[in-house]
Amino acid sequence: MTGFAGFAIRKILAAALTIFVIVCVNFVIFRLVPGDPVRLMFGDPRVGPHRLEEMRRKFGLSGSLWDQFIAYLRQLFLHGDLGFSFVHRIPVMDVLLDRLPQTILLVFTALFIAIILGTLLGAISGWRTGTRFDAILVTISMAMYSIPTFILGIILMMIFSFTLGLFPIGGITTMATDYTGWAHVQDVLWHMFLPTCAIIVWYTGEYILITRNSMQDVLGQDYITLARAKGIKESAILFRHALRNAILPVVTITGVNLAFAAGGVIEAETVFRWPGLGRLLYESVLRRDYPVLQGAFLIFAVAIVVANLVVDLIYGRIDPRIKVGGEQ
């Protein structure tokens with residue numbers, strides 16, 4: 001099978017194989033952690049061996065490693081069961097789904113704003129290469145790209161929460177309140193402003209640098225010279241010709257960023273106590289809630305694979321050279 005259909009099938013099969021390998025590694029890595037997780041869960045030496053063995057069977061930790069693996073695959077692929085949380089005492093999927101909307105709200109808002117700001121500023125910087133504006137913007141972008149999210153979050157909190165008192169220290173809503181409707185939306189937006197800014201700053205710096213470099217490559221192409229020779233306005237050349245082609249690397253990095261945002265989310269959510277998946281991972285590490293960690297890592301890993309798959313398919317659609325290269 002040739003063309004885009006064959007290219008898409010190859011990518012989907014490769015992604016499926018990668019996900020299966022991730023599932024296997026995700027199962028083994030948490031079985032290599034020293035100590036008995038059931039014993040750690042109880043923390044009471046008076047608990048008898050029969051009770052411990054009962055809990056091991058409940059959490060799928062009894063029997064040989066191969067039997068546990070087969071049971072894990074059966075539960076995962078046939079029932080979508082990620083296990084049972086040691087701490088929350090409910091299915092892991094329920095724990096993750098309870099925190100997922102908050103993380104999606106934070107990540108998508110931050111990335112959307114960062115893409116718009118970074119792409120526009122990067123395009124203008126690449127268009128005006130060598131000017132004072134370009135030099136200043138590149139310096140600022142590199143500084144933004146170099147600051148870890150948790151350090152920036154602490155700085156923002158110290159300035160705008162502790163010193164100026166303009167924004168809350170953390171959380172998602174104001175405690176001891178019962179806001180509804182638009183008042184509730186305003187309260188959530190007020191709380192998410194600082195963690196969103198902490199994520200936006202890092203990604204905006206990255207998008208500025210990537211778009212600027214891509215714009216510089218595009219501006220040296222013959223069709224840009226031809227457009228100028230035809231007398232087309234500079235603004236039309238910038239947005240209709242140059243930016244349209246310079247944005248291809250942005251498409252690639254957006255899919256990767258969407259998946260790898262987990263790192264920045266963990267830092268931002270931990271600093272600002274935002275009740276999302278990042279904060280859940282931090283809490284699960286402290287409490288040694290291995291089923292939640294295993295489920296969360298699996299979700300993040302699958303998200304990275306799916307994001308790369310989507311990017312490859314989009315790139316293969318908008319740039320035929322990718323399909324030609326894949327067929328060769």
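These are my notebook entries on a predicted model of one protein.

**Entry 1: the overall fold**
I started with the secondary structure. I counted 14 helices and zero strands. Read along the sequence, the pattern is therefore α-α-α-α-α-α-α-α-α-α-α-α-α-α. The protein has 328 residues, and 40% of them count as buried. I also looked up how far along the sequence the contacts reach. Taking contacts with a separation of 6 or more, 73% are between residues 24 or more positions apart.

**Entry 2: the cores**
Next I went for the nonpolar cores. In general, nonpolar side chains tend to be buried together in soluble globular proteins. The largest nonpolar core here has 27 residues. Val23, Tyr72, Leu76, Leu82, Leu96, Leu280 and Leu298 have the most contacts inside it. Which helices each supply at least two residues of this core? I noted α1 (3-31), α4 (65-79), α5 (92-127), α12 (277-287) and α13 (290-318). Of the helices, α13 gives the most, with nine residues.

Leaving out its neighbours within four places in sequence, I found Leu298 in contact with Ile22, Val23, Asn26, Tyr72, Leu76 and Leu82. Apart from this core lies another one, of 16 residues, and I jotted down Leu106, Leu111, Tyr207 and Val265 among them.

**Entry 3: α5 against α12**
On the α5 side, the contact is made by Val95, Leu96, Arg99, Leu100 and Thr103. On the α12 side I have Leu277, Gly278, Arg279, Leu280 and Glu283. Leu96 and Leu280 were already on my list of residues with the most contacts inside the largest core.

**Entry 4: helix α6**
I finished with α6, residues 132-146. This helix has 15 residues and reaches 21 Å from its first C-alpha to its last, close to the 21 Å expected at 1.5 Å a residue. Which residues of α6 are buried? I wrote down Asp134, Leu137, Val138, Ser141 and Met144. They cover an arc of only 125° around the axis, so they sit on the same side of α6. Arg132, Thr139 and Ser146 are exposed, on the face of α6 turned away from its buried side. As for what covers the buried residues, my list includes α5 and α8 (182-219).

Key:
Residues numbered from 1 in each chain as written. Predicted model: local features only at pLDDT ≥ 70, side-chain atom pairs only at ≥ 80, totals over all residues. Heavy atoms only, no water. Core = buried A, V, L, I, M, F, W, Y, C linked by side-chain atoms within 4.5 Å. Buried < 20%, exposed > 50% of the residue type's maximum accessible area, 1.4 Å probe, protein only. Helix = DSSP H or I, 4+ residues; strand = E, 2+ residues; numbered from the N terminus. Contact = heavy atoms within 4.5 Å. Expected span 1.5 Å × (residues − 1). Arc of directions from axis to C-beta.
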